[in-house]
Amino acid sequence: MYIMLVDDEYRICKGIARLIEKRWPDIRVEKYGNALDALASIRQERPDLLITDISMPEMDGLELIRLAQAEGLRHCAILTGFDEFELVQKALRLHAIDYFMKPVDIHLLFGLIQRVREIGE
């Protein structure tokens, strides 16, 4: 399984990646600090799961999800500090499979990863 984490706060990506890799050593986790680099990678390699922040320079996470889905990506989730109903609605309209608030509840995140793993098997 391949997970792509996108957040302009590198510390957050690094910490989440470490926790995922500790729990599932067989999962490949790539970290991106901006949506443009992530989108370029999505076009080359297809992650099984994209987890992205909303507020980032150059392109926000909702636009990244929209463009990633146009490239064929199926599983996307939001990880953000914004607890705004309008953003949740936008994420749902884009068929995001989950919406996590920072700091993330790692048990909820692990549950999402497990569900996506089971779908892929």
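The model is predicted, so local features need pLDDT of at least 70 and side-chain atom pairs count only at pLDDT 80 or more, while totals for chains, interfaces and linings use all residues. Residues are numbered from 1 along each chain as its sequence is written, and side-chain values use heavy atoms, with hydrogens and water left out.

Start with the inside. The largest nonpolar core holds 25 residues; such a core is a set of buried Ala, Val, Leu, Ile, Met, Phe, Trp, Tyr and Cys residues joined through side-chain atoms within 4.5 Å. Buried here is under 20% relative accessible area, exposed is over 50%, and partly exposed falls in between (1.4 Å probe, protein chains only). Met4, Val6, Ile42, Leu50, Leu64 and Ile78 have the most contacts inside this core. At least two core residues come from each of strand 1 (2-6), helix 2 (35-44), helix 3 (61-70), strand 4 (76-80) and helix 4 (85-93), and helix 3 gives the most, with 5 residues. These elements are DSSP runs numbered from the N terminus, with helices being H or I of at least four residues and strands being E of at least two.

Leu50 shows how the pieces meet. Not counting residues up to four places away in sequence, Leu50 touches Met4, Val6, Ile42, Leu64, Ile65, Ala68, Leu73, His75, Cys76 and Ala77, where a contact is heavy atoms within 4.5 Å. There is also a second, separate core of 21 residues, which includes Cys13, Trp24, Ala77 and Ile106.

Back to helix 3. Its buried residues are Gly61, Leu62, Leu64, Ile65, Leu67 and Ala68, and they pack against strand 1, helix 2, strand 3 (49-52), strand 4 and helix 4. Just after the helix, Gly72 takes a positive phi of about 105°.

As for disulfides (cysteine sulfur atoms within 2.5 Å), a search of the whole structure turns up 0. The sulfur of Cys13 is 15 Å from the closest cysteine sulfur, that of Cys76, which is too far for a bond. Both residues are tucked away: Cys13 is buried at 3% relative accessible area, and Cys76 is buried at 0%.

The count of aromatic pairs comes to 1. Rings of Phe, Tyr and Trp (its six-membered ring) pair if their centres lie within 6.5 Å, with planes under 30 degrees apart called stacked, over 60 edge-to-face and the rest tilted. Trp24 and Phe110 make an edge-to-face pair, 5.2 Å centre to centre with 70° between the planes. Trp24 sits in the loop between helix 1 (10-23) and strand 2 (28-32), and Phe110 in helix 5 (residues 106-120), so the pair links parts of the chain 86 residues apart. Both residues are buried.

Finally, Lys102 lies in the loop between strand 5 (98-101) and helix 5, partly exposed at 22% relative accessibility. Leaving aside neighbours within four places in sequence, Lys102 contacts Asp7, Glu9, Ile12, Asp53, Leu79, Thr80 and Gly81. Its side chain makes polar contacts with those of Asp7, at 2.7 Å, and Glu9, at 3.5 Å. A polar contact is a pair of N or O atoms within 3.5 Å; within protein, one must be able to donate a hydrogen and the other to accept it, and residues adjacent in sequence count only if both atoms are side-chain atoms.
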